[in-house]
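Subject: Structure for you to look at

Hello,

I am passing a structure on to you, with my notes below it.

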Amino acid sequence: ECVNIYCYAYDVGGFVGSMDGHNDYFNCYSTGAVSAHTAMYLSDAGGFAGDSSCCGHNTFVNCYSTGGIVNSAEAGGFMGVASQADRFMNCYTASEITPHPAYYYEYWTASFIGCRNSYMLHNVSVDNCFVIDSKLPLINSYDGVVNVEREGLELLEVDFEDSIAVKAMVNSLNEYCGTMYDKYGYEVKAWERSDDAIGPVIVE
């Protein structure tokens, strides 16, 4: 089900808004649009998650977002504001960002994750994740310093209208799935292409 979120507040996400620490998100997705209508410049918004700056140490595996993000000053296609030791594995976002016209600053917006400052990106890791082809930085922080551990196939841009590129992406996602159960004890579901969605979907 597609649910569009309109919020006169901050810390807004398509699946989860503000997070405390040490949460695990497996096989989750958001397809609705996120609109953070607020005069506050700290309107952290993400296609999947809003803000984890409280505590960090959250894990995202096999998750995706496709809904657009509108009117946020601080936005990331997948997460608005990441924090220390957040981990992103086998995820993607096709969420396009339309920033708030009055509060937009280039270094507050990123196609995958944003952050308040480079210190908060300490030990953040991104592994085998994908973003929509965009002119935005993949990962950004207010002070312009990005220190993020990137493993495996790193963070790759994909043209979701290119069927060959999407097929390669699905193959990469499914290959990675095979390594996850023994490591985390959660079932990691397979992916497949869909003619009815912007990008790949999780097999239910």
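Predicted model: local features only at pLDDT ≥ 70, side-chain atom pairs only at ≥ 80, totals over all residues.

Of its 204 residues, 52% count as buried. The secondary structure consists of 2 helices and 21 strands. Taking contacts between residues at least 6 apart in sequence, 77% join residues at least 24 apart.

Let me start with the inside. The largest nonpolar core has 26 residues, and those touching the most other members are Phe-48, Phe-60, Phe-78, Met-79, Phe-88, Phe-112 and Ile-113. Two strands, β13 (79-81) and β18 (125-132), each supply at least two residues of this core. The largest share, 3 residues, comes from β18. Apart from this core lies another one of 21 residues, and its members include Phe-130, Phe-160, Met-169 and Val-170.

Leaving aside neighbours within four places in sequence, Met-79 is in contact with Phe-60, Phe-88, Phe-112 and Ile-113, among others. The list of its contacts also includes Met-19, Ala-45, Gly-46, Ala-49, Gly-50 and Ser-52. Asp-86 and Gly-114 are among the contacts of Met-79 as well.

Next, the strand β18. How many of its residues are buried? The count is 8 of 8, so by the cut-off of under 20% relative accessible area the strand is mostly covered. Strand β14 (residues 87-89) pairs with β18 in the parallel sense, over 3 bridges. Within that part of the model, Met-89 has Asp-127 of β18 as its bridge partner. Strand β15 (residues 92-93) also runs parallel to β18, and 2 bridges join them. There, Thr-93 stands opposite Val-131 of β18.

Between β14 and β15 there is a loop, and Asn-90 is found in it. Asn-90 is buried, with a relative accessible area of 0%. Where does its side chain reach? The side chain of Asn-90 comes to 2.9 Å from the backbone oxygen of Leu-173. Beyond its neighbours within four places in sequence, Asn-90 is in contact with Asp-127, Asn-128 and Cys-129, among others. Other residues in contact with Asn-90 include Asn-62, Cys-63, Ser-172, Leu-173, Tyr-176, Cys-177 and Trp-191.

Now to the aromatic rings. The count comes to 16 aromatic pairs. One of them is Tyr-25 with Phe-60, a stacked pair at 5.1 Å centre to centre and with 5° between the planes. Tyr-25 lies in strand β4 (residues 24-26) and Phe-60 in strand β9 (residues 59-61), so this pair ties together parts that are 35 residues apart in sequence. Both partners are under cover: Tyr-25 is buried at a relative accessible area of 11%, and Phe-60 counts as buried at 0%.

Phe-78 and Phe-112 make another pair, with ring centres 5.4 Å apart and planes at 20°, so this one is stacked too. Phe-78 sits in the loop between β12 (74-76) and β13, while Phe-112 sits in the loop between β17 (109-110) and β18, so the pair ties together parts that are 34 residues apart in sequence. Phe-78 is buried with a relative accessible area of 0%, and Phe-112 is buried at 0% as well.

One last stop is Asn-123, in the loop between β17 and β18. Is Asn-123 buried or partly exposed? At 49% relative accessibility, Asn-123 counts as partly exposed. Asn-123 and Asp-86 are 37 residues apart in sequence, and their C-alpha atoms are 7.4 Å apart in space. Leaving aside neighbours within four places in sequence, Asn-123 is in contact with Ala-85 and Asp-86.

Best wishes, and happy browsing!

Terms used:
Residues numbered from 1 in each chain as written. Heavy atoms only, no water. Core = buried A, V, L, I, M, F, W, Y, C linked by side-chain atoms within 4.5 Å. Buried < 20%, exposed > 50% of the residue type's maximum accessible area, 1.4 Å probe, protein only. Helix = DSSP H or I, 4+ residues; strand = E, 2+ residues; numbered from the N terminus. Contact = heavy atoms within 4.5 Å. Pairing = 2+ DSSP bridges. Phe/Tyr/Trp six-rings, centres within 6.5 Å; stacked < 30°, edge-to-face > 60°. Polar contact = N/O pair within 3.5 Å; in protein donor to acceptor, adjacent residues only side chain to side chain.
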